[in-house]
Amino acid sequence: MLELQVVPEKLIGTGEWELALGMHLAQVISTLKSQAKSIRSVHFVTSDSDPLSTDIVLDLHEDGIRLIVCPRQQRLKRIEVYNMHNVCLKYCGQFFNNGGQVVPTIQQIEQSFGCTEPVGCDADVRSLVMSYRGICFIFPVDSTCDLDSLSRSGLGAIKYNHATSPVVSKMVIFAGATLTSSVLPEMPLKYYHGNAYASSVKVLREGTQTTGLEIMIMAESPTQTGDLELVQRPATIYFGDGNQAIQALLGSPCKIHYKSEDKMRIHSTSPYKMEVNKSDYFLNYFTLGLDVLMDATCHTAKKFILHTNFQGHFDFEIYHRCNFHLPIRSEPSACSSTEGMDRASSASGDLCFATTDATDVAAAAAVASGPSTLDLEQADVFIVGACTKWDEVVDFLGGSPPSKPVVLSRTSSTNAVNPFGPSLCYGHQNIIFEIIKQSGYIAAITLFPSVD
């Protein structure tokens, strides 16, 4: 049985690990994986068809704990303990729930947490709510109690002694003064662990061509007193930037992945397409939600890949969601359906990364057949975001996809089964959209420069 320390409005945990409000979903999952010996079973509950319609729930059903994650920001927003018999809880070092030894009655909660406002009544679920800032306790109400009296008098309408006192049926930890007015907290600085995160990523475009990315980076920084503070700074990278220039702006990558093969090379128009002397490589920034493909010869940026980290996709949990803003124009797309959309699988870790080649035939065709007379300043603009559905993009482009899709099927090196099935890739204006079939949301976008 888990013994957990409770900190209202912040976290639950032990001396070895903790689950804190505001933690990113990937950090929550990583923490649960690291405690596989003590946390033996976790149910992941979400909607495959509409992943933004309901909260993401991680149910530790053997321990009676439910973790509620915001589906858009993918941060932990609420912690619920719904089975008090399966876990031991303490506050300020003292147990207020410890199996049969310490029972979480109303008197015990008042003794441990102190006095609070009069107990409220929730008539819909026939329960009493004892609320403190950042935490509340829910007590079941006997069916014989008069709900109207409970609403007016709270505990005064119930006659009980220590032996018959109501016992907590659920405890909820949240950020805010009350549960109904709770908010989604920002990620605490102590969980940055020296990594950089992106609050927003703006795709820089000139007409119908992508030139670079403007990233608003958030990172921790020490103060003169030794404490940590959050700093934000913009970083702009362009196609053609060198490796050192990119790392000077974004920091060291989380991983460097070298392309082992390029199955789309057969579509290239280059007479030397089968000659491979060097391998292009990726700078993987998992916490920023992006990859940068570097040219093996010049060591300059040739592709940007932005990930949305939607559940139901093969790459889920690897990247943080990249909150990008991509402006596209309402002109006909010239991209071919054979646009390069290969994926290379990492030998270590079984991670998959976009590996489209800028010299493939479709990329060249997309640029060569671009508009010649369209007044770009007067063209309509639609902003594509990380939570934009592909149907919305198609409607803006005239009601039909800009190209025929390429079916992308991926498996890891150790498991030949992909439970999520293939995704679909569409090309438009030097952009590749990878779409999740089940939900219709964008899984990733690949940006490449024009080919002269």
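How many bridges join β14 to strand β21, and in which sense do the strands run, parallel or antiparallel? The close-up of these strands below gives the answer. The model is predicted.

**View 1. Overview of the chain.** The chain has 452 residues, and 49% of them count as buried. Six helices and 28 strands make up its list of elements. Take the contacts between residues at least 6 apart in sequence: 58% of them join residues at least 24 apart. The accessible surface is about 20,800 Å². Carbon and sulfur atoms account for 50% of that surface.

View 2. Helix α1 spans residues 25-34. Seven of its 10 residues are buried, so the helix is largely enclosed by the rest of the structure. The buried residues are Leu25, Ala26, Gln27, Val28, Ile29, Thr31 and Leu32. They pack against several strands, including β3 (18-20), β4 (43-45) and β5 (56-60). β6 (65-69) and β7 (76-81) also receive these buried residues. So does β14 (197-206), the strand shown again in the next view.

**View 3. Strands β14 and β21.** Two bridges join β14 to β21, and the two strands run parallel. β21 covers residues 324-329. Valine 201 stands opposite phenylalanine 324 of β21.

**View 4. Strands β21 and β24.** β21 also pairs with β24, which covers residues 381-385. Here the sense is antiparallel, over five bridges. Leucine 326 stands opposite valine 384 in β24. In a regular strand, side chains alternate between the two faces of the sheet.

Conventions:
Residues are numbered from 1 along each chain as its sequence is written. This is a predicted model: local features need pLDDT of at least 70, side-chain atom pairs count only at pLDDT 80 or more; totals for chains, interfaces and linings use all residues. Side-chain values use heavy atoms; hydrogens and water are left out. Helices (H or I, at least four residues) and strands (E, at least two) are DSSP runs, numbered from the N terminus. Buried means under 20% relative accessible area, exposed over 50%, partly exposed in between (1.4 Å probe, protein chains only). Contact means heavy atoms within 4.5 Å. Accessible areas come from the Shrake-Rupley method with a 1.4 Å probe; for residues, only the protein chains shown count as cover. Two strands pair if DSSP finds at least two bridges between them.
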